[in-house]
Amino acid sequence: MKENFKYMIKNWLKWDRKSLIFFIIRVPALVFQPIITAYIPKAMIDCIE
């Protein structure tokens, strides 16, 4: 499994480096976006009270 992952990343870097960088940035953004979207209204309500 580890060898397959290393092979995939190595070839991905060879073929298209920009898409890997985009992927590394986009995935955490997609994870944190709903968390932030849910937290902002709660923070605003807490500030009002």
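Mentor: Let us begin with charge. In this predicted model, the protein chain carries 8 positive and 4 negative side chains, and the centres of these two sets are 17 Å apart.

Trainee: What makes a side chain count as positive or negative?

Mentor: Lys and Arg are counted as positive, Asp and Glu as negative.

Trainee: Which helices and strands does the protein chain have?

Mentor: It has 2 helices and 0 strands. Helix α1 covers residues 2-15 and helix α2 residues 17-48.

Trainee: How do you know that the span of α2 is close to the expected one?

Mentor: The 32 residues of α2 reach 47 Å from first C-alpha to last, and 46 Å is expected at 1.5 Å a residue. The helix does have a kink of about 25 degrees at Phe32, shortly before Pro34.

Trainee: Why is the pair of Trp12 and Phe23 called tilted?

Mentor: Their ring centres lie 5.3 Å apart, and the cut-off for a pair is 6.5 Å. The planes make an angle of 50 degrees; stacked needs under 30 and edge-to-face over 60, so the pair is tilted. Trp12 belongs to α1 and Phe23 to α2, so the pair ties together parts 11 residues apart in sequence.

Trainee: Why is Trp12 called partly exposed rather than buried?

Mentor: Its relative accessibility is 22%, whereas buried means under 20% and exposed over 50%. Phe23, at 43%, is likewise partly exposed.

Trainee: What makes α1 lie largely in the open?

Mentor: Of its 14 residues, 1 is buried, so α1 lies largely in the open.

Key: Residues are numbered from 1 along each chain as its sequence is written. This is a predicted model: local features need pLDDT of at least 70, side-chain atom pairs count only at pLDDT 80 or more; totals for chains, interfaces and linings use all residues. Side-chain values use heavy atoms; hydrogens and water are left out. Rings of Phe, Tyr and Trp (its six-membered ring) pair if their centres lie within 6.5 Å; planes under 30 degrees apart count as stacked, over 60 as edge-to-face and the rest as tilted. Helices (H or I, at least four residues) and strands (E, at least two) are DSSP runs, numbered from the N terminus. Buried means under 20% relative accessible area, exposed over 50%, partly exposed in between (1.4 Å probe, protein chains only). The expected span of a helix is 1.5 Å times one less than its number of residues. The bend at a residue is the angle between axes fitted to the seven residues ending there and the seven starting there. The place of a charge is taken as NZ of Lys, CZ of Arg, CG of Asp or CD of Glu.
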